[in-house]
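Open the model in your viewer and keep the sequence panel beside it. The stops below are given as selections, one after another.

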Amino acid sequence: MKLYQGLTQVTLNTEMADDSPNYTITTQLTAPLHYTPSELYHYIDAVLRAGSRHDENNLRFVTDAAFIAENYDFDKVAFTAKLTDFEDKMAFARNIVADLNRHISINIDLDKHEYQLIFVD
């Protein structure tokens with residue numbers, strides 16, 4: 001699955017992993033992400049409805065950098081509110097699309113209380 005799918009469709013006891021205080025999110029990857037899992041969750045929360053079907057969301061907010069730069073409300077989350085000029089917004093949009101469309105598998109380690117994002121790239 002893609003990262004944005006894992007962030008919106010996998011829950012721990014009906015809570016999104018980022019909202020579960022007893023679990024930490026870990027990543028196993030070769031190439032680093034542009035944004036932390038927590039920042040990605042905040043962005044996803046601002047543009048997609050958790051638990052909804054794909055046809056109920058505008059997936060251009062996770063797949064189309066030009067659409068994001070033009071339509072995303074950059075004031076919705078703290079880490080994007082500082083982006084004011086076009087070049088910074090486009091760089092953000094390209095990087096968020098790159099991060100959210102990476103392929104992952106997810107492991108939930110109940111003993112370690114970890115939500116493990118395992119990148120397959």
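Start by selecting serine 105, which stands opposite isoleucine 118 in β5. Strands here are DSSP runs of E with at least two residues, helices are runs of H or I with at least four, and both are numbered from the N terminus; two strands pair if DSSP finds at least two bridges between them. Four residues lie between the strands of this hairpin, where histidine 113 has a positive phi near 55 degrees.

A note on the source: this is a predicted model, in which local features need pLDDT of at least 70 and side-chain atom pairs count only at pLDDT 80 or more, while totals for chains, interfaces and linings use all residues. Residues are numbered from 1 along each chain as its sequence is written, and side-chain values use heavy atoms, with hydrogens and water left out.

Next, select aspartate 99 in helix α6 (residues 86-100). Is aspartate 99 buried or exposed? Aspartate 99 counts as buried because its relative accessibility is 1%; buried means under 20% relative accessible area, exposed over 50%, and partly exposed in between (1.4 Å probe, protein chains only). Show its contacts (heavy atoms within 4.5 Å): beyond neighbours within four places in sequence, aspartate 99 touches Leu3, Leu33, His34, Tyr35 and Leu40. The C-alpha atoms of aspartate 99 and leucine 40 are 8.4 Å apart, with the two residues 59 apart along the chain.

Finally, select Tyr35, Tyr43, Tyr72, Phe74, Phe79 and Phe92, a cluster linked by ring pairs. Rings of Phe, Tyr and Trp (its six-membered ring) pair if their centres lie within 6.5 Å; planes under 30 degrees apart count as stacked, over 60 as edge-to-face and the rest as tilted.
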